[in-house]
Amino acid sequence: MDTENHSEKVEKIVEEEDGGDLAKSFKTNNHQEVSDEQNKVSLMRTFVETQDPTSKDVDDLTLRRFLRARDLDIEKGSALFLKHMKWRRSFVPNGFISESEVTHDIAHSKVFMQGYDKSGQPILVIYGAKHFPNKVKGGIEEFRRFVVYCLDKLSAKIPTGQEKFFIIADLEGWGYYSNCDIRGYLAALSVLQENYPERLAKFYLIHVPSVFMAAWKLI
């Protein structure tokens, strides 16, 4: 639900019930929360820039996402962000993942961009039955690169005014022995949680076979 619209609805309800006094109080508290968050983002910026000067190139919205991911705890949010910056320099030294680095996973045609939802959030569709574990040496690292390749492209599609994306995983035809890749799934979740915080709006699983639930419990 859009936070602004939700706030407006709450304000309207309390105004109708109280003649306006509670609504004014709600607005004051809501604006205070926004101000407090902005102050914390400023404090976080001051700290992370002393630890990593390249943080100056990162906008406030990005810092805010990492801060929100740690419940507005400046110390924890800063630690998560600085860890991400270090990871990014090491894992994506060129600033992006090229197709030549993820040829195995691209060849299976298992991920597609699929327009936008009604809120304007870009949609990624995953076909689980087309994912096969890469068992060659270094295969899990290529899969991690593929996850970053996809999430970077998806994030680049996010329009101004939005911060999140939408993912749908279609598991029709998914087979436990052929498609099950616990290590890969955990790696993907780790990349998403640690390096793209507050980006995922919704993640829908459709056409889910009963056998998939056994793997999901392990995850």
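Reply: The description below begins with the sheet and then turns to the helices. The model is predicted, and every value given here is computed from it.

The sheet is open and consists of 4 strands in the order β1-β2-β3-β4, with mixed pairing. At its edges stand β1 (111-116) and β4 (200-206); each has a single partner strand, so one side of each is left without a neighbour in the sheet. On average, and with direction ignored, neighbouring strands are turned by 20° against each other.

Strand β2 covers residues 122-127 and pairs with β1 in the antiparallel sense over 4 bridges. Within this pair, Met-113 has Leu-124 of β2 as its bridge partner. The two strands form a hairpin with 5 residues between them, and in this hairpin Gly-120 takes a positive phi near 90°.

On the next step, β2 pairs with β3 in the parallel sense, over 5 bridges. Here Val-125 stands opposite Ile-168 of β3. One of the bridge pairs consists of Asp-170 and Ile-206, the latter lying in β4.

Two packed helices are described by the angle between their axes and the distance between the axes.

Consider α6 with helix α8 (residues 182-195): the angle is about 40°, and the axes lie 10 Å apart. Because angles from 65 to 115 degrees count as roughly perpendicular and those under 35 degrees as roughly parallel, α6 is oblique to α8. Their crossing is right-handed. On the α6 side, the contact is made by Ile-140, Phe-143, Arg-144, Val-147, Val-148 and Leu-151. On the α8 side, Arg-183, Gly-184, Ala-187, Ala-188, Val-191 and Leu-192 take part. By class, this contact of α6 with α8 has 9 nonpolar, 1 polar and 2 charged residues.

A further contact of α6 (residues 139-156) is with helix α4 (residues 74-91), where the angle is about 110° and the axes are 13 Å apart. The helices α4 and α6 are therefore roughly perpendicular to each other. In this case α4 passes α6 in a left-handed crossing. From α4, the residues Trp-87, Arg-88 and Phe-91 meet Glu-141, Arg-144, Arg-145, Val-148 and Asp-152 of α6. By class, the contact of α4 with α6 has 3 nonpolar, no polar and 5 charged residues.

Notes
Residues are numbered from 1 along each chain as its sequence is written. This is a predicted model: local features need pLDDT of at least 70, side-chain atom pairs count only at pLDDT 80 or more; totals for chains, interfaces and linings use all residues. Side-chain values use heavy atoms; hydrogens and water are left out. Axes are lines fitted to C-alpha atoms, for helices over the stretch in contact, and angles run from 0 to 180 degrees between N-to-C directions. Angles under 35 degrees count as roughly parallel, over 145 as roughly antiparallel, 65 to 115 as roughly perpendicular and the rest as oblique. A crossing is left-handed if the near helix is turned anticlockwise from the far one by less than a right angle, and right-handed if clockwise. Contact means heavy atoms within 4.5 Å. Ala, Val, Leu, Ile, Met, Phe, Trp, Tyr, Cys and Pro count as nonpolar, Asp, Glu, Lys and Arg as charged, and the others, Gly among them, as polar. Two strands pair if DSSP finds at least two bridges between them.
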